[in-house]
Amino acid sequence: MIAAFRKTAETFHADAKMLPQRNFVSPEIFAAEREKIFSRQWVLVGHQSQLAEPGDYFLAEVAGESLIVAKDQRSTIRAFYNVCRHRGARLCEEQNGHTAAIQCSYHAWTYALDGRLIGAPHMDETPGFNKAEYPLKPARLGLWEGFIFVNLADCPIPLEEWFAPLAGKFSRWNLGALRSAKRIEYDVRANWKLMFQNYSECYHCLGVHPELSKISPYDSAENDLTKGPFLGGFMRIASDKSLTLSGNACALPVGDFGDEDFRFVFYYSIFPNMLVSLHPDYVMVHQLEPQSPERTLIFCDWFFNPEAFERSDFDPNDAIEFWDMVNKQDWHVCELSQQGISSRAYEPGPYSARESIPAAWDREYLRHLR
């Protein structure tokens, strides 16, 4: 299988440097990022397993907008702006739940889960009023490998076209069928770009992640996606080990893998807000929600083979606790970076040859920002 992930030639720019200070602290840059990136790109908001039954819904925030993501009675997943068409009140306040319809708590306008206005008390007394003219405002939604993405642009690139370069690449992990065993929310006092840069290199791993480096050698990384919005590659896992506290596999394989595949973990960043880590026995996904130039919410999910949940030897905490430790180590150094970058003494330093992927991510980011 690894042959399908052959390392591609990387072009390291010897003059590549970290981004300027303003890209991490400027409110104007942050506003531009919301408008030019998060309002125009396909943004991860969740996984289809979060909406198991018709009537299930959750709220998502994209570029400062609150969205209702719901499964309607025909099992179609839809997204709507969380705004009543009457006087603009926010409709849903609970982060997730189950409902037969969406009703505004202000004047009781009521909407079906396909967005139709089905109830508007006393509006029949208003001449010319037609409920059909006031459905919920939709946001464009699409599914990729079971993950739910939305796009706020008027005429976005079709989701299938955007993800075409990854067609079939992750099919053996059965991402659409997996179930999350745990979600942890992290509130990190650092700019969202620092998480992408940190995730995209293991130059820091030996010093920051000693536990991880014992199981997966920090210098074993090979990259097969080296430019554009999808970046990353794979690292080796020590023989007969898994990235867990015990070092043992904690669940059934998520796919049909041969023995060789159990010695690799794949790490990819998907622009602009998804980090996906593909292990033999689980898949970990980070979903980023930038809140300000100096604050980012990160939702981390651990996905497993649905059959694993029925087994007595299933121990998801072995993986969850391992990566919760590693995540906190990463967020700490990201916060230290944010603090240092905010200093008047900061000047962009040079990337090393081991940081070619962060440099490539910066180039993609700047391309969209321009």
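This is a predicted model: local features need pLDDT of at least 70, side-chain atom pairs count only at pLDDT 80 or more; totals for chains, interfaces and linings use all residues.

Residues are numbered from 1 along each chain as its sequence is written, and side-chain values use heavy atoms, with hydrogens and water left out. Helices (H or I, at least four residues) and strands (E, at least two) are DSSP runs numbered from the N terminus.

Begin with the open sheet, whose seven strands follow the order 11-17-16-15-14-13-12 with antiparallel pairing; two strands are taken to pair if DSSP finds at least two bridges between them. Select residues 179–188 and 222–225 to see the edges, strand 11 and strand 12, each of which pairs on one side only. From one strand to the next, the twist averages 20 degrees.

Strand 12 and strand 13 run antiparallel and are joined by three bridges, with Asn223 standing opposite Gly233 of strand 13. Four residues lie between these two strands in a hairpin, and in its turn Gly228 has a positive phi of about 95 degrees. Moving on, select residues 264–270 for strand 14; strand 13 pairs with strand 14 over seven bridges in the antiparallel sense, and Arg236 has Phe264 of strand 14 as its bridge partner.

**Strand 15 and its neighbours**

Which strand is joined to strand 14 by five bridges? It is strand 15, residues 274–278, running antiparallel to strand 14, and a hairpin of three residues connects the two. Show Phe266 with its bridge partner Leu278, and then Tyr267, which stands opposite Ser277. Five of the five residues of strand 15 are buried: Met274, Val276 and Leu278 are on one side and Leu275 and Ser277 on the other, so that both faces are covered. On to strand 16, residues 283–292, which is joined to strand 15 by five bridges in an antiparallel arrangement. Val276 stands opposite Val285 of strand 16, and the hairpin formed by strand 15 and strand 16 has four residues between them.

**Helix 7 across the sheet**

Now select residues 317–341, helix 7, which lies across strand 11, strand 14, strand 16 and strand 17 (295–304) and runs at about 20 degrees to strand 11. Axes are lines fitted to C-alpha atoms, for helices over the stretch in contact, and angles run from 0 to 180 degrees between N-to-C directions.

**Helix 4, between two partners**

Residues 192–199 are helix 4, and eight of its eight residues are buried. Helix 4 and helix 7 pack with their axes 10 Å apart at an angle of about 125 degrees, and are therefore oblique to each other. The contact (heavy atoms within 4.5 Å) is made by Leu194, Met195 and Asn198 of helix 4 and by residues of helix 7 including Asp330, Trp331 and Ile341.

Turn next to helix 8, residues 356–369, whose axis comes within 8 Å of that of helix 4 and crosses it at roughly 145 degrees. Here Trp192, Lys193, Phe196 and Gln197 of helix 4 meet Pro358, Trp361, Asp362 and Tyr365 of helix 8. These contact residues divide into five nonpolar, one polar and two charged.

**Helix 2 against helix 8**

For the last stop, select residues 27–38, helix 2, which packs on helix 8 at an angle of about 80 degrees with the axes 9 Å apart. That angle makes helix 2 roughly perpendicular to helix 8, a term that covers 65 to 115 degrees, whereas angles under 35 degrees count as roughly parallel, over 145 as roughly antiparallel and the rest as oblique. Ile29, Ala32, Glu33, Lys36 and Ile37 of helix 2 make the contact with Tyr365, His368 and Leu369 of helix 8.

Methods: Ala, Val, Leu, Ile, Met, Phe, Trp, Tyr, Cys and Pro count as nonpolar, Asp, Glu, Lys and Arg as charged, and the others, Gly among them, as polar. Buried means under 20% relative accessible area, exposed over 50%, partly exposed in between (1.4 Å probe, protein chains only).
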